[in-house]
Amino acid sequence: MHDLGSGFGYVMKGQRWVAGHGRWLGFGLLPGLVTLVLYAGALIGLGYGADDLIAWSTPFADDWASPWLGLFRSFLTVLLFVLGLFLAVITFTAVTLLIGQPFYESLSEEVDRAEGGEAPQSELPLWRDLWISARDSIRILVRVALYGILLFALGFIPVVGQTVVPVLGFCVTGYFLAEELTAVALQRRGVELKERLALLRGRRMLTLGFGVPIALAFLVPVVAVFLMPGAVAGATLLVRDLTGEHEPDPEAEPDDAGAGPDDAGPGRPGRPLTLEK
């Protein structure tokens, strides 16, 4: 339970951090606003074109008598729009992080500097970082989809499907949302997706305490736009906890304060973090 509370604490610390650094708040809002405009345009287009799309895709129903034709196609139109809205909600964070990769990396680096004086930086070119982010986001979305199908099937179980399954759904969403957000800081430290997931599994309750409240708030994309900068800042603070960077090195010698970057211990700025396998 302590880790659950600590995870939520990082949500609040991240929001306080950007609130106290107004320039970075405005800087971090830009990718979310761009994504919101793109998604709003796509949903408006879907709303206008859904009727024609459904009519084109169901020619077998052209000869149906009224009111069955109208009811059938109206149901499919609503279902199509709901599906589009659902996809927009579950992909909003991933797309925003992809669009805002340079913005959020800079924000995350600034949080690291404010907390520890130095910030690990990716040595990969920007296009390579973007490719890795896109690839990893697709992998995460596939995992979320698989869990979603399983939970959807379990939802038909009486009582359990209406009580336990929704809670599990939010836990799954929050866990993978935490992975997406912490990936900004962990990718700069050279941590691959498999190692990131292992790191989060090692502190599962801390991860859920951070991810689930954000997942609930992010159900409304407009809210997500304004909370995203603080979420990235909080995720960076969370990463420093997961990697032990906020703690003094118990093996450090008294005279190692002048050690150069190459002498830094694991999980400290200056050397990419690696996890033992």
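Predicted model: local features only at pLDDT ≥ 70, side-chain atom pairs only at ≥ 80, totals over all residues.

User: What makes up the largest nonpolar core, and which residues have the most contacts inside it?

Analyst: The largest nonpolar core consists of 49 residues, and those with the most contacts inside it are Leu-107, Leu-181, Phe-210, Ile-214 and Val-232. Helix α9, which covers residues 221–242, gives the most to this core, namely 11 residues. In soluble globular proteins, nonpolar side chains tend to be buried together.

User: Which residues is Ile-214 in contact with, leaving aside neighbours within four places in sequence?

Analyst: Ile-214 is in contact with Val-11, Leu-177, Leu-181 and Ala-231.

User: Why is the pair of Trp-64 and Phe-72 called tilted?

Analyst: The model has six aromatic pairs. In the pair of Trp-64 and Phe-72, the ring centres are 4.9 Å apart and the planes stand at 45°. Ring centres must lie within 6.5 Å for a pair, and planes under 30 degrees apart would be stacked while those over 60 would be edge-to-face.

User: How do you know whether Trp-64 and Phe-72 are buried, exposed or partly exposed?

Analyst: Buried means under 20% relative accessible area and exposed means over 50%. Trp-64 has 37% and Phe-72 has 24%, so both residues are partly exposed. Together with Phe-60, Trp-64 and Phe-72 form one aromatic cluster.

User: What makes Tyr-147 and Phe-176 an aromatic pair, and which parts does the pair tie together?

Analyst: Their ring centres are 5.9 Å apart, with 45° between the planes, and the pair is tilted. The distance of 5.9 Å is within the limit of 6.5 Å, so the rings count as a pair. Tyr-147 lies in helix α5 (residues 126–154) and Phe-176 in helix α6 (residues 160–188), so the pair ties together parts that are 29 residues apart in sequence.

User: What makes Lys-13 count as lying over the face of Tyr-10?

Analyst: Lys-13 lies at 4.8 Å from the ring centre of Tyr-10. The limit for this distance is 6 Å, and the charge must also be within 35 degrees of the ring normal. Lys-13 is found to lie over the face of the Tyr-10 ring.

User: How do you know whether Thr-236 is buried or exposed, and what does Thr-236 touch?

Analyst: Thr-236, a residue of helix α9, has a relative accessible area of 1%, which is under 20%, so Thr-236 is buried. Not counting residues up to four places away in sequence, Thr-236 touches Ser-108, Val-111, Asp-112, Ala-185 and Arg-188.

User: What makes one space a cavity and another a pocket?

Analyst: In a cavity a probe fits but cannot get out, whereas a pocket is an open set of points. The structure holds one cavity of 30 Å³ or more, and about 110 Å³ of space lies in the largest cavity. The largest share of its lining, five residues, comes from α6. The largest pocket holds about 900 Å³ of space. Of the 29 residues lining this pocket, Phe-86, Ile-90, Val-144, Gly-169 and Thr-173 lie nearest its centre. Helix α5 gives the most to the pocket lining, with 10 residues.

Notes:
Residues numbered from 1 in each chain as written. Heavy atoms only, no water. Core = buried A, V, L, I, M, F, W, Y, C linked by side-chain atoms within 4.5 Å. Buried < 20%, exposed > 50% of the residue type's maximum accessible area, 1.4 Å probe, protein only. Helix = DSSP H or I, 4+ residues; strand = E, 2+ residues; numbered from the N terminus. Contact = heavy atoms within 4.5 Å. 1 Å grid on protein atoms, 1.4 Å probe; cavity = no way out; pocket = protein on both sides within 12 Å on 5 of 7 lines; lining within 4 Å. Points joined across faces, edges and corners; volume = space filled by probe spheres on them.
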